[in-house]
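Subject: Handover of a structure

Hello,

Please take over the structure below. My notes on it follow.

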Amino acid sequence: MIIGLDVGGTHTDVVLLGEEGLIREYKVRTDPEDLFSTVLAGIEHIVEGIEPDRINRVVLSTTLTTNAIVQGKYPEVGMIVSGGPGIDPEHFRTNRHYYSITGSIDHRGREVAPVNLDEIHEIAAALKKEGIRNVGIVGKFSVRNPAHELAVYHAIKDDFGKIFLGHHVSGNLNFPRRIATTFLNTTIRPIHKKFFAAVKQSLEQKGLMIPIHLLKADGGTMSFEASLDFPGQTILSGPSASVMGAIAFASETEETLVLDIGGTTTDMAILVDRAPLLDPVGITLSQNRKRIQTLIRSLETRSIGIGGDSAVRLQDGILTVGPDREGPAMAYGGKVPTPTDAFFVLGIQKGDGLAASTAGIAPIAQALGISVEAAADRIFDEACNVILSQAGQMIDAINSKPVYTVHELQEGLQVHPKRILVLGGPAPEFADRLRTLSDFDVRAVPHWSVANAIGAALARTTCEVTLFGDTQREIVSAPEEDFSEPVNRNFSKENAVEKAFVLLRDKAVRIGADTRDLEMEVTEDLQFNMVRGFYTAGRNIRVKVQVKPGLIHGYQAIIERLLSNA
């Protein structure tokens, strides 16, 4: 059996899956102030009465790290950054305890100026005086040669707790984004570690000594233990759960728009022949009107402030839905009307909340000069039209730049989805209404209310490796993997791919992959001749390989059961 858990803005969904399909499902209201208790309550309920040895893995998708970053609620850390000629690291300052140091490496990985260890010891003393425990260290070209990052690390390692090195955090070239990514990993690590300890202890108390995995923003998973070194990869895992929950039900030959309509937001994504689109650079987060651009690999998704609990208002005769949420629907004790209240009035949703919903929508109906039922119908239409409009904007934005799927660059592709798959609690109702308001073929996925938790449960472990070769310097390296070895001048791009696959397999198994899921592929292979005078002096090689994102081995049997029981 597999447990899948997805933390949403309104509810946390938990499922228990097995060969017989969906065995149990459970919803617990999300407490944004205490996500620990929310997650633990969901797990404890779903495993009640189940023999521990029948469960072999748990996959969690959580908003914990995302919330901490967006709200700016994280501990102070130290940042030590080396730039070198032509760029001032001060332009990319992340926080108060941020130090730019001397010393630099060039783009080929050659030392230009050495690290000043006296300067490093002075910085370490200043950080210790301020009570700083965790530190990030970043050099501009550390992904080509990490020697300076390692020198700083060895100089301060005995004085601090967790130290993150930029070349470990990401193997991609982009100095400003690597600084931001290293900073985020460093600062959210204590929060993530506390969460890890709480979940692990809770499971062990239930006798569940099983692998725990976390869903990443790229739609893959990693072991909980491995996530302690890369907590930033759990940022924005929620939207990727939506994609993975829909992927098995999408067309294998057409483009599909995925909509996960929750209580607070609607998450959107595009699938091309069941392959999710990929953000080729990395996640961009917003914090107090500031944009934080990272190298955290992520699916191409968009979240908008429309959901079942979005606030409905009438201002100057104009009806608006969202983007904010002021609590639950009036049917459940809230203070402002919402689309959920419209569902009660229209008879779509049943329960004791009809009177409260009617009372909430009545003033809007009176101001518009229409019946309460007609006003509820207008609210529903407005919510759907906003979703369709925002989806159109997302599609236009995707088509304005090169399109990347999780497998490859789709040169010249223009996406024009004709089908929509809807997830989330109100999925069937929204599917029916979206179908009438558009030309899309719209369907709700099976078990729509917990489909994102199902997607998390079935996602496979993924990772990537970037390898550099320089035959003039006679070296091949993957600094992100702590790998470097000499090669001769005949070393080729084919040799680099072969070496990268060996590193990738080892890495995937180390972070929790099942060997049956190791579908490996090349996503980038570049080779440039280096010319001196009129002769080729060597080759500069760059190779990137990955374990394909997708669903775990044997998922087809579970999906067939889900379809038959839907």
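Helices (H or I, at least four residues) and strands (E, at least two) in these notes are DSSP runs, numbered from the N terminus. The model is predicted, so local features need pLDDT of at least 70 and side-chain atom pairs count only at pLDDT 80 or more, while totals for chains, interfaces and linings use all residues. Residues are numbered from 1 along each chain as its sequence is written, and side-chain values use heavy atoms, with hydrogens and water left out.

Helix α14 and K493

K493 is in helix α14, which covers residues 493-510. Its relative accessible area of 22% makes K493 partly exposed; buried means under 20%, exposed over 50%, and partly exposed in between, with a 1.4 Å probe and protein chains only. Contact means heavy atoms within 4.5 Å. Not counting residues up to four places away in sequence, K493 touches D525, L526, Q527, I541 and V543. One of these, I541, is 48 residues from K493 along the chain, and the C-alpha atoms of the two are separated by 6.3 Å.

Helix α10 and L368

L368 belongs to helix α10 (residues 354-368). L368 is partly exposed, at 22% relative accessibility. With neighbours within four places in sequence left aside, its contacts are L314, G317 and R378. F440 lies 72 residues from L368 in sequence, and the C-alpha atoms of L368 and F440 are 30 Å apart in space.

Helices α11 and α12

Two packed helices are described by the angle between their axes and the distance between the axes. The axes are lines fitted to C-alpha atoms, for helices over the stretch in contact, and angles run from 0 to 180 degrees between N-to-C directions. Helix α11 (residues 372-399) packs against helix α12 (residues 427-437) at about 75°, and the axes are 10 Å apart. The two helices are therefore roughly perpendicular to each other; angles under 35 degrees count as roughly parallel, over 145 as roughly antiparallel, 65 to 115 as roughly perpendicular and the rest as oblique. On the α11 side the contact is made by D377, F380, D381, A383, C384, N385, I387 and L388, and on the α12 side by E429, F430, R433, L434 and L437. Of the residues in this contact, eight are nonpolar, one is polar and four are charged. In this scheme Ala, Val, Leu, Ile, Met, Phe, Trp, Tyr, Cys and Pro count as nonpolar, Asp, Glu, Lys and Arg as charged, and the others, Gly among them, as polar.

Cysteines

A disulfide is counted when a pair of cysteine sulfur atoms lies within 2.5 Å. The count comes to zero disulfides. C384 is buried, with a relative accessible area of 0%. C463 is also buried, at 8% relative accessibility.

Aromatic pairs

Rings of Phe, Tyr and Trp (its six-membered ring) pair if their centres lie within 6.5 Å; planes under 30 degrees apart count as stacked, over 60 as edge-to-face and the rest as tilted. By this rule there are seven aromatic pairs. In one of them, the ring centres of F196 and F224 are 4.8 Å apart and the planes are at 85°, so the pair is edge-to-face. F196 is in helix α6 (residues 175-205) and F224 in helix α7 (residues 224-227), so the pair ties together parts 28 residues apart in sequence. F196 and F224 are both buried. Another pair is F343 and F380, with ring centres 4.9 Å apart and planes at 75°, so this pair too is edge-to-face. F343 is in helix α9 (residues 339-345) and F380 in helix α11, 37 residues apart, and the pair links distant parts of the chain. F343 is buried at 1% relative accessibility, and F380 is buried at 2%. F195, F196 and F224 form one aromatic cluster.

Helix α8

How many of the residues of helix α8 (residues 237-247) are buried? The number is 11 of 11, and the helix is mostly covered. Among the buried residues are S237, P239, M244 and I247.

Backbone details

The peptide bond from G322 to P323 is cis, with omega near 5°. P323 lies in strand β22 (residues 318-325). D316, in the loop between β21 (310-315) and β22, has a positive phi near 55° and is not a glycine. D316 is exposed, at 81% relative accessibility. D273 also has a positive phi, near 50°, in a residue other than glycine. The loop that holds D273 runs between β14 (266-272) and β15 (275-276), and D273 is partly exposed at 41% relative accessibility.

Regards
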